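Here are my notes on the structure you're about to look at. Keep the picture open while you read, and find each piece as it comes up.

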Amino acid sequence: MSEAGSRAQLDGHVPGYLDWASTAPLHPAAAEVLREVVAALSAPDEPGGWADPLRLYGSARRARAAADAAREQVAALIGARPDEVRFPPSGTLAVQAALLGALEARSRYGRRLVHSAVEHSAVLAVAATAEGVAVPVDATGRVVGFDVAGAAVASLQHANHEVGTIQPVEDAYAACAAAGVPLHVDASQTIGRIDPPDGWDLLTATAHLWGGPPGVGVLAVRTGVRWQRPGPEDERGWGFGNVPSVLAAAAALQAAEDERRAEAPRLSALVERVRREVPALVPDVDLVGDPDPAGRVPHLTTFSCLYVPGEQLLAALDREGVAVSSGSSCTSSAVTPSHVLVAMGALTHGNIRVSFGRTSTDADVDRLLAVLPGAVEALRS
Amino acid sequence: MSGVLVLDCRGMRCPLPIVELARHLADVPVGGELEVVATDPAARPDVQAWCRMRGQAYVGESLTVDGVPAYRVRRDS
């Protein structure tokens, strides 16, 4: 690899990468921690976190101490106590464990799971195994009347993963508390981006979206909330813990938290530029999501181009070096369009989601705006 | 059934049913109606979104005799 290439990798900058809401390139702080873990293999007295944290010798004690420190750090940054935080091996497993564990603990109250119509598919998949009740959303994607009467468990995302709309989690938590229903909040798109949510009984997130490595989900269960991990007993929870990646995830989250107050307005300006300039450059575009930036996360936005197949638009942009994602049906293995766009009444074909991160610049937006009008026009003719 | 222009979009994937709808809007007078018969599930939200974007009226959905959804649109402008 060239020196420039290796520097680019360290920095995490991938030119034309506008899909940070799918995954964020590894933060340099996380990469540094992983390098330290590898280095410690050949220098066993160094703290490195590679050994089995449940064993009773020096390297094991050091791994345990490092893992405990990482847990404390993550807990503080998401507004939890250290003993409330667990690290399932993915965000999807964190969601499944949160909901199945709460439903199991609340089985005498039935199986009704009240959730917004725009939750991540991980939540909908659990709801399909229970008595799911989808609460509708308005045209901005925000829930309307989060009625939890008769629910065993409720689930509401902090912000939507496709359109960025921030949900009224505090109001939902108040309603849940009054009804005695535990509320799960999926904060996957917001941890490390905006202030963590206040009101929750169970919180989930995933490290790869804040610049940590893949393979680290987060599940926090408030002290006193009835919950049991689904599955058979295991002294380690989900098997042998991924200590190196947990350490890297904690370092990345600390870095994201340190950077986000400066980053949020910078990324929001990129988003607003997309929302202003795309409809001016491309006719017949449906801007999706809350028109008010304060009602959205700062780093992502979505629009749909009338009369354009989303799959072919993604391919055309990819040929020009622009990586984005789409909620259009033909771009996924499913035959149905994005349930988020459908629930909002948005145009589902020709859909593009653009999302930014710490290395994104105006040059990335320039590239998108330079190629999008021609790509759309070619597909329409 | 007189006055309703039926567009048979069975088997077409979106956005083709919406392209057909736009292409044939001018074939009916203002106040006239079109019906998009489509098997693609994306047609349901997209006919309605098209009406909202284009200032036309979405009338509603029915089923054809062979069980395929038909989405009714009234030309308002």
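The points below go through chain A and then chain B.

1. Some ground rules. This is a predicted model, where local features need pLDDT of at least 70, side-chain atom pairs count only at pLDDT 80 or more, and totals for chains, interfaces and linings use all residues. Residues are numbered from 1 along each chain as its sequence is written, chains are lettered from A and ligands numbered from 1 in the order in which they are written, and side-chain values use heavy atoms, with hydrogens and water left out.

2. Start with helices H3 (residues 58-78) and H7 (residues 243-281) of chain A: their axes come within 9 Å and cross at roughly 35°. Helices here are DSSP runs of H or I with at least four residues, strands are E runs of at least two, and both are numbered from the N terminus. Axes are lines fitted to C-alpha atoms, for helices over the stretch in contact, with angles running from 0 to 180 degrees between N-to-C directions.

3. Who touches whom in that pair? On the H3(A) side, look for A:Ala63, A:Ala66 and A:Ala70, among others, and on the H7(A) side for residues including A:Val246, A:Ala250 and A:Glu257. Contact means heavy atoms within 4.5 Å. By class, this contact has 13 nonpolar, two polar and one charged residues.

4. Now helix H5 (residues 121-129) of chain A, with A:Ala122, A:Val123, A:Val126 and A:Ala127 buried. Buried means under 20% relative accessible area, exposed over 50% and partly exposed in between, using a 1.4 Å probe and protein chains only. Seen down the axis of H5(A), the buried residues fall within an arc of 140°, so they line one face of the helix. The covering elements include helix H4 (91-105) and strand E2 (112-116) of chain A.

5. Over to chain B, where the axes of H1 (residues 16-24) and H2 (residues 43-54) come within 9 Å and cross at roughly 35°. B:Ile18, B:Leu21 and B:Ala22 of H1(B) meet B:Asp46, B:Val47 and B:Trp50 of H2(B). B:Ile18 and B:Leu21 are also among the buried residues of H1(B).

6. Is B:Glu33 buried or exposed? B:Glu33, found in strand E2 (residues 33-38) of chain B, is buried, with a relative accessible area of 19%. Its side chain makes a polar contact with the side chain of B:Arg72 (2.5 Å). A polar contact is a pair of N or O atoms within 3.5 Å; within protein, one must be able to donate a hydrogen and the other to accept it, and residues adjacent in sequence count only if both atoms are side-chain atoms.

Definitions and conventions:
Ala, Val, Leu, Ile, Met, Phe, Trp, Tyr, Cys and Pro count as nonpolar, Asp, Glu, Lys and Arg as charged, and the others, Gly among them, as polar. The arc is that of the directions from the helix axis to the C-beta atoms.
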